[in-house]
Amino acid sequence: MLDGWVVQQRSRMLAGHTVDQRVLVVRRFLGFTSDYPWKWSPSDVEEWTAELVGRGLSHSTVRNYQQAVALFCGYVADPRYRWGEVCEQRFGAAPVQVFHEWNTVVHRSDFEGRPGNRPLSREELQAFFDYCDAQVSRVHATGRKGWLAAFRDAVLFKTIYAWGLRRREAAMLETVDWSANASAGEFGRFGALSVRYGKAMKGSPPRRRTVLTTMGWAAEAVAEWVEEIRPAYVQAGLAMWPTERGGRIAVDSLSHRFVAYRDALGLDEHLGPHCLRHSYASHLLEDGFDHLFVQQQLGHSWGSTTAIYTSVGTDYKNRALRRALDRAFPAVP
């Protein structure tokens, strides 16, 4: 059954990681029930969901787990695949869909992330980058191995923030993804970044977008890394963030390093690398960039998604209010 379901999903050209994760969830549900699919019941779903909630899993995670097993149940209960006939003949029972509207999580909100997942304040962001730079100096002063990796990670985090990237988008970057922008010559060859591994829609290849450089200090940091420091990795290839073994940095490694730095600074434990992307959107808006420009930089199809990412301060809101009031109530000469 699982093998056939995997083939069905691959025929839809779903990402291998997505298929593997769904199969893993189904196996976990199987282990929880200790029974075969043709014996599953709605009460199994409800007991399993209660266990997930008890473990503190987020609303969206529980919903995704339920959806994965529900898709499998839909496959084995579909008469076109004839699993029902086979099970009836061999075991006297057929698999049915046990997930329904009364025992599954409903998607009611555009944003289901944890409330603590927020933009960093400018003070928090500066403290984080200062700590990254201090780590480079500290490791270099001791003469120990790891100086290159510390420098790499510092520039990597600055790049995630300064171009509003997701973790995988950043990890998959290559040196050839940078190019000049004729309208912003002051940034040299780092005036634009081609993101080739953007978040994909289900069954579609990764989406591409071009992110224009907006922060000169970040362009200088990237230029120093690419032109002066990175060549020390003799087996780097084209990877923007190489490892000592010649590969590219893993997304999990990126997250672990961020958490280590965050905890060393005593920052909120709910902050993660994705908060740098949130910070980018919020700070651009606060600095007066157009909302549509920020939306396109982030690669969002809808402005409502960008609004979820942003958390601008009171000063920005008051300036926006003042501009609107001035247009509606022009001063009388």
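1. Let me start with Glu 169, whose side chain makes a polar contact of 2.8 Å with the side chain of Arg 209. A polar contact here is a pair of N or O atoms within 3.5 Å; within protein, one atom must be able to donate a hydrogen and the other to accept it, and residues adjacent in sequence count only if both atoms are side-chain atoms. A second polar contact, of 2.5 Å, links the side chains of Glu 169 and Arg 166.

2. A word on the ground rules before going on. This is a predicted model, in which local features need pLDDT of at least 70 and side-chain atom pairs count only at pLDDT 80 or more, while totals for chains, interfaces and linings use all residues. Residues are numbered from 1 along each chain as its sequence is written, and side-chain values use heavy atoms, with hydrogens and water left out.

3. Back to Glu 169, which sits in helix α8 (residues 167–171). Helices (H or I, at least four residues) and strands (E, at least two) are DSSP runs, numbered from the N terminus. Is Glu 169 buried or exposed? Glu 169 counts as buried because its relative accessibility is 2%; the cut-offs are under 20% relative accessible area for buried, over 50% for exposed and partly exposed in between (1.4 Å probe, protein chains only). Setting aside neighbours within four places in sequence, Glu 169 is in contact with Gly 164, Val 195, Tyr 197, Gly 198, Lys 199, Arg 209 and Arg 277, where contact means heavy atoms within 4.5 Å.

4. For the overall picture, the protein chain has 14 helices and three strands. Of its 333 residues, 41% are buried. Taking contacts between residues at least 6 apart in sequence, 61% join residues at least 24 apart.

5. Buried in α2 are Val 19, Arg 22, Val 23, Val 25, Val 26, Phe 29 and Thr 33. These residues lie on the same side of α2 because they cover an arc of only 160 degrees around the axis, the arc being that of the directions from the helix axis to the C-beta atoms. An α-helix has 3.6 residues a turn, so residues three or four places apart point the same way.

6. What covers the buried residues of α2? The cover includes α1 (2–11), α3 (42–54) and α4 (59–77). His 17 and Gly 31 are exposed on the other side of α2. Thr 18, also in α2, counts as partly exposed because its relative accessibility is 31%. Between the C-alpha atoms of Thr 18 and Ala 68, 50 residues apart along the chain, the separation is 9.8 Å. After α2 comes Ser 34, with a positive phi near 55 degrees.

7. Just after α6, Gly 143 has a positive phi of about 75 degrees.

8. The largest nonpolar core holds 54 residues, and those with the most contacts inside it are Phe 157, Tyr 161, Trp 163, Val 222, Trp 225, Met 240 and Trp 241. A nonpolar core is a set of buried Ala, Val, Leu, Ile, Met, Phe, Trp, Tyr and Cys residues joined through side-chain atoms within 4.5 Å. Helix α7 gives the most to this core, with 10 residues. Apart from it lies another core, of 24 residues, among them Trp 5, Val 19, Trp 48 and Phe 72.

9. Finally, the cysteines. The structure holds zero disulfides, a disulfide being a pair of cysteine sulfur atoms within 2.5 Å. Cys 73 is buried at 1% relative accessible area, and Cys 132 is buried at 0%.
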